[in-house]
Amino acid sequence: MTRDILLSFIKPYYLSSTKKHERNNMDEEEPRDEGQQGGSVEQSPEQLVARAIAPVKKDFLRPPPVRSSSPNDGVSIPNDNNKTSVLAKEKKSKRQLKRERRLEQKSARNLCPEIAKTGDVSSCPYKDKCRFSHDLEAFKAQKPADLEGQCPFFKSGGACPYGLGCRFSSTHEDGVPSANLNGLKNNSEVNGLSKHVQKLLWKNKMSFSKADAQLKSLGLVGTSKSKRNDLENKDEGDTGSNKCDHSDYSGSCVVTSDSCCKLECPEEVMKDDDNDIDGKSESDVLCPQKRRKIAENCGPMDAENEGHRFIFDSSVSVTEQIVERSCTKSEPEAGTDALTPETDLSLKLHSREKKLIDFREKLYLAPLTTVGNLPFRRVCKVLGADVTCGEMAMCTNLLQGQASEWALLRRHSSEDLFGVQICGAYPDTVARTVELIEQECTIDFIDINMGCPIDIVVNKGAGSALLTKPMRMKSIVEVASGTAEKPITIKVRTAYFEGKNRIDSLIADIGSWGASAVTIHGRSRQQRYSKLADWDYVYQCARKAPTTLPVVGNGDVFSFVDWNNHRTECPELATDMVARGALIKPWIFTEIKEQRHWDISSGERLNILKDFVNFGLEHWGSDTKGVETTRRFLLEWLSYTFRYIPVGLLDVVPQRLNWRPPSYYGRDELETLMASDSAADWIRISEMLLGKVPDGFTFAPKHKSNAYDRAENG
């Protein structure tokens, strides 16, 4: 039955592509001079490899499909009225979006969870005040048909928490008690954010005694909580903006916490990215005259609370002092946030006395934005990964109690060696986040990202922007390691600008700052992900590092051959981190452990996708919303997996990460479909596993995985 359904999806695609191939051959009057591999008629595998084109065997090659748009452009599915959904929707106000959310909650599609669990309309304790629909018959009438297969929660030996809302409800057993509905999920996943802590974060009443004590001991004092509350509560609705809304009692600019402002950006970064979210220019933010004007215009209360004035140091530029002062909080007032006895540094553990993290020879799955979610990490654990790390989470969002950001810290019980990755621009923000995570989460280490190249992160002074400010890096690592009992690791790139490597000059000091390990991605920020990683420079840094500081290499690991070469060339490396290689072929961990090139079949690859779907339904839910969320993340992953070329189709093995795959036929219909770079074909694969997409469905991948090299990336 399943095979027949599979063939019904694949045959139309395979036959249509074959007919196009025959039609092209009939229409051509003479042979074309250029093949699909971008070169002359006959090229040797060595010539193709030199041009970074995958040397696929001639028997499997085919002409590239003709498309009006680029392969990874957004795809929309027409609805019943034969109208196509518009990708670029008009921007709506927050009030409009809130009103739409409330109307959506009251629609028949959103049945009350309590009623869905029990099937009894009177079971909801909120009655008429409930935000969700209580129309059981209307919900059943509009509910899409159940999907094939068994409910993932029942398959795991538990009870389904979605009841009638589950898209596999026809497979549910009758008489399941509702008391144990959430037991399975709670036991398998940890690191959730409690409502109590979230409310404290919302109201800015969370205590960070350890972080504040450490900040004071290092001379990096933070703003007193009472002042911070007064300032931030004046404009609660604009927490996501990047505006300078208030001036604090020292006359410095207070920036809303969601974006730690462009003030933190190094001067070089400002030149590259001089347009911030509000469209303000550099002169608007860093003008010394404006800084003095704000200080002079402080009210009587400001002047009374100001214990001292900012004194310019002649040895430091005016701009540098203003940037530093604007992000340095005033010392806590007497009587607020009283320091605990932990201020006695003699009672604190030295960084060398802390628990060490052992990465040596372990297979480390890199923290991957969007695609490195919990279900994907579970797939990689099954295939042999030893160390996993959550997706990068922004410190400011965590401190604001954003549920979507805290979801990035979730951990599955199968992840036996697990860490979380955070990103922040300021020592006080990072210190408080570290303390909060240690208090609320079960983790083995905390990784601080100092290499993210994304503009929106760099513009806030975080990620790669820290590479231009080594003293800021030092402060962040010192205060984080002093606050946390768990090991602190950092992830960096070679430099900010191409050709100006600087990690080798810092590597000897990073260990003394308190870092337990450092991961070096062999590219600069300017490179982004283009060109090959500079492993010679990674080796150089590993040899300069002290023996007590493990160094992890990162970049372009795509086979067990790459892994072995790095082990042989530089025994000083603790291990290699696998990133995009795991996205394209997650079975790379199996290949490394078994020391073989796995010529995996299309059926085996489909089974891996099935595992991801089952894990996704357990994580995001088996109701309609959970199914579509799982589909979205599956499609994001498929935007990488199509780049894999089966071992049996290559003239040269192993495949390299920078090779561009030509258009080719697979050894069967499914393998041909999986090799397609069209988002429409990825949607077909998702329909095999999750049923037909809803009307008006659209998809455009977040990551342009076919962008191998671009001029703007340096």
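Helices here are DSSP runs of H or I with at least four residues, numbered from the N terminus. One more thing before we start: this is a predicted model.

Q: Is K195 buried or exposed?
A: The cut-off for exposed is over 50% relative accessible area. K195 comes in at 59% relative accessibility, so K195 counts as exposed.

Q: Which residues gather with K195 in a patch of positive charge on the surface?
A: Lys and Arg are what count as positive here. Besides K195, the patch on the surface is made up of R131, K199, K203 and K205.

Q: Is C151 buried or exposed?
A: C151 sits in the loop between α5 (136-142) and α6 (152-155). Buried means under 20% relative accessible area. C151 has 0%, so C151 is buried.

Q: Leaving aside neighbours within four places in sequence, which residues is C151 in contact with?
A: A contact needs heavy atoms within 4.5 Å. Once the neighbours within four places are set aside, the list for C151 reads C160, C166, F168, T171 and H172.

Q: How many Å apart in space are C151 and L617, C-alpha to C-alpha?
A: In sequence, 466 residues separate C151 and L617. In space, their C-alpha to C-alpha distance is 8.8 Å.

Q: What share of the protein's residues count as buried?
A: The protein has 714 residues, folded with 30 helices and 15 strands. Of those residues, the share that count as buried is 50%.

Key:
Residues are numbered from 1 along each chain as its sequence is written. This is a predicted model: local features need pLDDT of at least 70, side-chain atom pairs count only at pLDDT 80 or more; totals for chains, interfaces and linings use all residues. Side-chain values use heavy atoms; hydrogens and water are left out. Helices (H or I, at least four residues) and strands (E, at least two) are DSSP runs, numbered from the N terminus. Buried means under 20% relative accessible area, exposed over 50%, partly exposed in between (1.4 Å probe, protein chains only). Patches are made of residues with over 30% relative accessible area and no salt bridge: like charges are joined within 9 Å, nonpolar side chains (Val, Leu, Ile, Met, Phe, Trp, Tyr) within 5 Å. Accessible areas come from the Shrake-Rupley method with a 1.4 Å probe; for residues, only the protein chains shown count as cover. A salt bridge is a side-chain nitrogen of Lys or Arg within 4 Å of a carboxyl oxygen of Asp or Glu. The place of a charge is taken as NZ of Lys, CZ of Arg, CG of Asp or CD of Glu.
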